[in-house]
Amino acid sequence: MQTVAERVIARAKELFFSGEVRRVLGWERGEFQHERIPALYETAEQLEKLVYDEYCGPNLSKELIALSKLEGRTLAILKPCDARSLNLLLREYRVDREKVYILGAGCTGMRGRDGLLLKCETCRGKDFPVFDEAIDDEECRKVPDGDRFADVCRIEQMSGDERFLFFRSELSKCIRCNACRNICPACSCNQCVFDNPDSGVSSKASADPFEDSQFHIVRAFHVAGRCTDCGECSRACPQGIPLHLLNRKIIKDIGELYGGYEAGGRSPLIDYRASDGEA
Amino acid sequence: MQKIGVFVCWCGTNIAATVDVAAVADAMRSEPGVVYAADYQYMCSEVGQQRLIAAVREHALTGVVICACSPRMHEQTFRRAAERAGLNPYMVEIANIREQCSWIHKDKAVGTPKAIALARAAVAKVLKNAPLTAGESPVAKRALVIGGGIAGIQTALDVAEAGYEVDIVEKSPTIGGRMAQLDKTFPTLDCSACILTPKMVEAAQSPNIELLTYSEVEKVAGFVGNFTVTIRKKARYVDTNRCTGCAECVAKCPARKGKNEFNMGLDNRSAIYIPFAQAIPNVATIDASQCIKLRTGKCGICEKVCSAGAIDYNQRDEVIERRYGAIVAATGFRPISLEKFGEYAYQESPDVVTSLEFERILNAAGPTKGQLVRPSDGKHPHEIVFIQCVGSRCSEDAGKGKTYCSKICCMYTAKHAMLVREKYPDVRVRVFYIDVRTPGKNFDEFYRRAAEQYGVEYVKGMVGKVWRQNGKLMVQGSDLLNDEQLLIPADMVVLAAAIEPEPGARALATMLTASMDTNDFFSEAHPKLRPVESPTAGVFLSGACQGPKDIPETVAQAGAAAIKVVGLLSKDRLVTNPCVAHSNELLCNGCSQCEKVCPYGAITYSEREVVDRGVKDVRRLASVNEAVCRGCGACTVACPSGAMDLKGFANRQIMAEVDAICRAK
Amino acid sequence: MQGEVNEFKPLIVAFCCNWCSYAGADLAGSSRLSYPADVKIIRVPCSCRVNPLFILRAFQRGADGVIICGCHPGDCHYTTGNYYARRRMTVLFRLLEFMGIDRQRVRVEWVSAAEGAKFALVMNEFAGAVKALGENVKLGDLRCKP
């Protein structure tokens, strides 16, 4: 991975200095040894702090919504999972493709404080669905053998009451910090329904367990058919709630019922077949 | 400040008998926002409406709720009344306390609280209503009739007579439809061609009618008053401007293996053909699947013998696009396939025929030149058995056939039987029936004449099986009135097969967004009061495509459809539905989810400048074409941010209704 | 009031599409059929208008069961609305079940304008099924209790 990381950083700097891109979107070191924070580099001096290593878990694609509106091109270093998220944003016209130079960066799995990130255990592939240039090697292209839906299946096996207690218990930890929403690339509304006093459902701190359920059900539903399973929601949650379970449940159901969608194409929930099964 | 008035209708005793209307009005008086509540016996009456108007004026009401019958009955009535009172007609909501309350619940103690809950919901909704203004859309003064049988022809003639232009699109090479295939028509036994061809000629010569034969509708876009229809004019490989209909090509064509559709496949026709002698337009058509030249490049005889130089092997389909204000579906019917009715030996013996095939045999221009002979050996039959209800009136669990009565078979079988007995008195004719249904004008007399005067033997009972034996067709059936089983050695068996809509009808219905029932008949807007309109505005129904019917009924319905078309085309502008979708610019993300689910293509996107919380920004934003939007609301649910909302059924309104209903618990 | 045995009557909110199922409900009324008074109908232009937010709202405010009625697939007045509703509700109901909500508290039914009898039958059946489940607690909101 060393060589891939070095090559990525070198290439990013090269493109910046050549003037092909105006700014570089990458990571910088955080306070802790395992922490990497998304960072925008606009000068040569700042660019010295650009880092790409096995702790660069954060998904940078969402930043491009705002960055692609600025003058000049932005270079984004995207891992395969990040590139999938960007694909969604491009399909939904949120990011101007012309304004982004996508440097695909090979990845052998990202780590956090507690080791390999959950999302990397069930990595869904090392192909870049969209890129201008990709830098990886054989090591990076290996895909671990994880069962993405193992946790979902385990919960499906539980009884209704057990499931209810599980989610009630997990969601009761929610402090409505909105980190999951803020970091999710699919959750990119200019103004969220939960922040809009006219929507009828605006809320912040939950005054009743119903509101926890409502927020997460609605959020999962709004990204249903669009979520690319990048795993950032669970990673960002300060309370450690396994939010990805809801999204993966929906992905599993949609896959079974209507065919997978993450490769691109129309989201299954804005599509139909006359032969669809009944609810 | 909102000032809502609530009017609770007794509807005579329809509501008042099982709902305490005074109590409902009472409960409403203490609802937030309500300044006036009253009950009255007949709100929809002129007096009732006057009371409404007076109350609006006296109390300066900003919105009204009528607790009465279904909005599907009188929403329009009360909207108009509100308008007369000076109130915006969309500040009116109806609480359905009749069909969905008083008629369901017999106990006042149960019906009254429910009526109060429904009234509360309506009040909650109207408090969030905004005044809406209906838009206008233009009307293209041209009608499209799809189907060139007697139904389509009659509708077109009537529309043309009223002074409007109309196109008939017909998928076969000629107009005329099923009626052209008939020999004689009941109950008068006049020659079908003789009464049909003058109408066909009239349609061809009318300056207001354009015939687009050998053509099919490919795509329909738009809405009432403004349909844009794509029509494919299939290649005939014959220049219709030059062809004189002399039929030399037909005589000389060497390819004679194609099944003759006009004769229901009883004989063959050439690859280049004119469907029947009185075809209109009277031009030849080449069936590309049969033509040797088009398939292999060899032959070309028709081109050589054509003195008009009308053959054009290079002709291509032509696709045209036209605008219409109204569309009429007149796609007709066909007999069902009998593959599941093997018990009648239809597939085994050529002497077992359907009634339409028998009609062709009797017809002088048919495959046997009008001679009644057996298709198998050309011999004259002495014993003919007619079997009724083949595939009609089947039980739902039969797994085959249709559940409905095909309506025309009793009459046409009586006709066939009579014609046979009249021309060939030596032929014994028996009709196996379950019931004889001949209710039309002079119909019952017709059938009785067949039985009493012409000696047609009517046997009440069903036929179990038909099989071939020693050159005969053994028919085993019951004679219930004489309580015996019959075994008849017949020479021919005629099956009155059920009729069903033409197969292309369902695809057409989808294109028109017209509803169909489970039998693929077009649905009418109301089974009693609106028989020739589809629930889809601007689409009308004519003929058997709406349900089995005979020629007199078809012509009557065709005229009815025509006047509906004329009523529509005579307007210069149509009032559009104002309950349409609307996108909030400040909330729209530009993601196009809504655009993809709109069935009408009413949503488009463009870059526009907005000022969001003081900041100027150029964004990709959705906009709704209010003339095209039909107000389904699919976009509102596809929109994650809630930018897209539906006027008249807004998110806040529906949630307010939910709150009010659940509050009552 | 106190002292009386209060039989549990489930509150059912039914979202009915204007063109088919609402008309079917009207027909049930014209035909004087009977179904529980606890079923209260909200008219929407199409089954596709029903947002999951509405369903959650109903449960929050005290509903015990929610049913969405629309035209038969293929017969939607707006051609495709019920197809979308069918997919969305399928995914939503499975998600709710995954979170431990009783699957029988929510339903989608297709009722045409001619099917008054079916409407009454469905409402009776659904209200019965919800009644057997008891009061909705899992998706309730204590602040909305009377």
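**Where chain B meets chain C**

Let's begin with one pair. Asp659(B) forms a salt bridge with Arg57(C). Their closest N and O atoms are 2.7 Å apart. Keep in mind that this is a predicted model.

How many salt bridges cross the interface of chain B and chain C? The rule finds four. Polar contacts come next. Between chain B and chain C, 13 residue pairs are in polar contact, with both residues at pLDDT 80 or more.

Which elements of chain B touch chain C? Those giving two or more residues are α3 (71-84), α4 (98-102), α5 (108-126), α14 (505-512), α16 (593-597), α17 (634-638), β34 (644-646) and α18 (651-663) of chain B. Of these, α18(B) gives the most, with eight residues.

Now the make-up of that side. The side of chain B that touches chain C has 23 nonpolar, 13 polar and 12 charged residues.

And the totals. On chain B, 48 residues are in contact with 48 residues of chain C. The area buried between the two chains is about 4,100 Å². Carbon and sulfur atoms give 59% of that area.

**A link from chain A to chain C**

Over all chains, the salt bridge count comes to 92. One of them pairs Glu256(A) with Arg94(C), the closest N and O atoms being 3.6 Å apart. Glu256(A) lies in helix α12 (residues 244-258) of chain A and Arg94(C) lies in helix α3 (residues 81-98) of chain C, so this pair joins two chains.

**A sheet in chain A**

Now stay on chain A. Five strands form an open sheet here, in the order β2-β1-β3-β4-β7, with mixed pairing. Which strands stand at the edges? They are β2 (36-41) and β7 (133-135) of chain A. Each has a single partner strand, so one side of each is left without a neighbour in the sheet. From one strand to the next, the twist averages 30 degrees.

Look at one pairing. Strand β4 (residues 100-105) of chain A and β7(A) pair in the parallel sense, over three bridges. Gly104(A) stands opposite Ala134(A) in β7(A). As a reminder, strands of a sheet pair through backbone hydrogen bonds, either parallel or antiparallel.

Last, a helix. Helix α4 (residues 80-91) of chain A lies across β1 (23-29), β3 (74-78) and β4 of chain A. Helix α4(A) runs at about 125 degrees to β3(A).

That's it from me. Questions, please.

Methods. Residues numbered from 1 in each chain as written. Chains lettered and ligands numbered in written order. Predicted model: local features only at pLDDT ≥ 70, side-chain atom pairs only at ≥ 80, totals over all residues. Heavy atoms only, no water. Contact = heavy atoms within 4.5 Å. Buried area = accessible area lost by both parts, 1.4 Å probe. Salt bridge = Lys/Arg side-chain N within 4 Å of Asp/Glu carboxyl O. Polar contact = N/O pair within 3.5 Å; in protein donor to acceptor, adjacent residues only side chain to side chain. Helix = DSSP H or I, 4+ residues; strand = E, 2+ residues; numbered from the N terminus. Nonpolar A, V, L, I, M, F, W, Y, C, P; charged D, E, K, R; others polar. Pairing = 2+ DSSP bridges. Axes fitted to C-alpha atoms, helices over the stretch in contact; angles between N-to-C directions.
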